[in-house]
Amino acid sequence: MIVVAGEALIDLVPQGQGALAGLQPALGGGPYNTALALGRLGSATAFCSRTSCDAFGEALLDGLRRAGVDVSAVQRGAEPTTLAVATLDADGSAAYSFYVQGTADRLFTVPAGLPAGTRAVSFGTCSLVLEPGASAYEELMRTAAGQGLFTALDPNIRPGLISDADAYRARFKSWLPSVTLLKLSEEDARWLGGTPDEWLAAGPSAVVVTRGGDGLTAFTRDGAEHSVPGVKVDVVDTIGAGDTVNAALLHGLSRQDALSPSALAALGSDGWTRLMRFAARAAAITCSRAGAEPPFAAEVGGV
């Protein structure tokens, strides 16, 4: 079982040009998209979050159930669902503004335990920024790491939500001893101001940096770098692409029985290349269609 912990929200995606273009609601949130993609790829997956009892909250859970994701660990609340309004530039890249005050996902509390059979837990995005839920997710991360579980982190920086950048950067560094696999984009890396070598020295067994259409690079503790190119595709938008990479990496590692620091160290060049090519194919499919619509296993092929 791979558990994904974090927010579920509704993306409002513009259907044309200009500030007053019509908005199409879509299921979203970085952790939500990761869980959905894992379920579609065929991994045993559970979602750990807090969602609203409103119609959007029901739609979010229905989407996970259809993908085969276990939602029994999801907490519920009467508060509204978080909204993220997307804007798309000419090449389909998305930026967001958020409506988060008083929403359900911010009130997440630490669960009594994780689902039976949990081998890995994935964290990231808004859920590690917005209090009081951020502190609860942070405690869950440290607890999972202390239990010897594989932990994955994608900070997926949303600068508009971070009121104190220096405080967040310091908090990010404090998470690294509890992280097995750190995945982040080039943009995230620039904003955080660190390097893969610095992050590896602080705790993770591997760091994967995504470079959009240019591909991915993995950095490992032995000083090795493994890179693959991106897969060329006609981009509709990039919503959910990074989350699909998260899911594909975790799915591929699970299929290779590599959800541990020692197994990551033993992957070698061939193992990392196969894994990242799989992730690049999956992300390209997501980019080829509107909204966060990650692929099913049959669309991507094997790891």
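Guide: Start with pairing: two strands pair if DSSP finds at least two bridges between them. Helices (H or I, at least four residues) and strands (E, at least two) are DSSP runs, numbered from the N terminus. Here, A152 has L181 in β11 as its bridge partner. Two bridges join β10 to β11, and these strands run parallel.

Visitor: What should I know about the model and its numbering?

Guide: This is a predicted model, where local features need pLDDT of at least 70, side-chain atom pairs count only at pLDDT 80 or more, and totals for chains, interfaces and linings use all residues. Residues are numbered from 1 along each chain as its sequence is written, and side-chain values use heavy atoms, with hydrogens and water left out.

Visitor: What is the strand order of the open sheet?

Guide: The order of its eight strands is β4-β1-β9-β10-β11-β12-β13-β14. The pairing is mixed. At the edges are β4 (45-48) and β14 (225-228), each pairing on one side only. From one strand to the next, the twist averages 15 degrees. Axes for such angles are lines fitted to C-alpha atoms, for helices over the stretch in contact; angles run from 0 to 180 degrees between N-to-C directions.

Visitor: How many bridges link β1 and β9?

Guide: Three, in the parallel sense, between β1 (residues 2-5) and β9 (residues 120-124). V3 stands opposite V121 in β9.

Visitor: Which strand is joined to β11 by five bridges?

Guide: That is β12 (residues 206-210), which runs parallel to β11. L182 faces V207 in β12 as its opposite residue.

Visitor: Why is β11 largely enclosed?

Guide: First the cut-offs: buried means under 20% relative accessible area, exposed over 50%, partly exposed in between (1.4 Å probe, protein chains only). Five of the five residues of β11 are buried, so the rest of the structure largely encloses β11. L181, K183 and S185 point one way from the strand, L182 and L184 the other way, and all are buried.

Visitor: Which residues of α4 are buried?

Guide: Y168, F172 and W175, in a helix spanning residues 165-175. They lie on the same side of α4 because they cover an arc of only 60 degrees around the axis. That arc is taken from the directions from the helix axis to the C-beta atoms. On the other side, D166 and K173 are exposed.

Visitor: What do the buried residues of α4 pack against?

Guide: Contact means heavy atoms within 4.5 Å. The partners are α3 (133-146), β10 (150-154), β11 (181-185), α5 (186-192) and α6 (196-202).

Visitor: Which residue caps the N-terminal end of α4?

Guide: D164 does: a side-chain oxygen lies 3.3 Å from the backbone nitrogen of D166.

Visitor: Which handedness does the unit of β10, α4 and β11 have?

Guide: A crossover is right-handed if, with the strands pointing away from the viewer, the path from the first strand over the helix to the second runs clockwise. This β-α-β unit is right-handed.

Visitor: Is F47 buried or exposed?

Guide: F47 is buried, with a relative accessible area of 0%. F47 sits in β4. Beyond four places away in sequence, F47 touches residues including V4, Y32, L64 and V74.

Visitor: Which side chain makes a polar contact with that of N33?

Guide: The side chain of D243, at 2.9 Å. A polar contact is a pair of N or O atoms within 3.5 Å; within protein, one must be able to donate a hydrogen and the other to accept it, and residues adjacent in sequence count only if both atoms are side-chain atoms. N33 belongs to α1 (residues 30-41). N33 is buried, with a relative accessible area of 4%.
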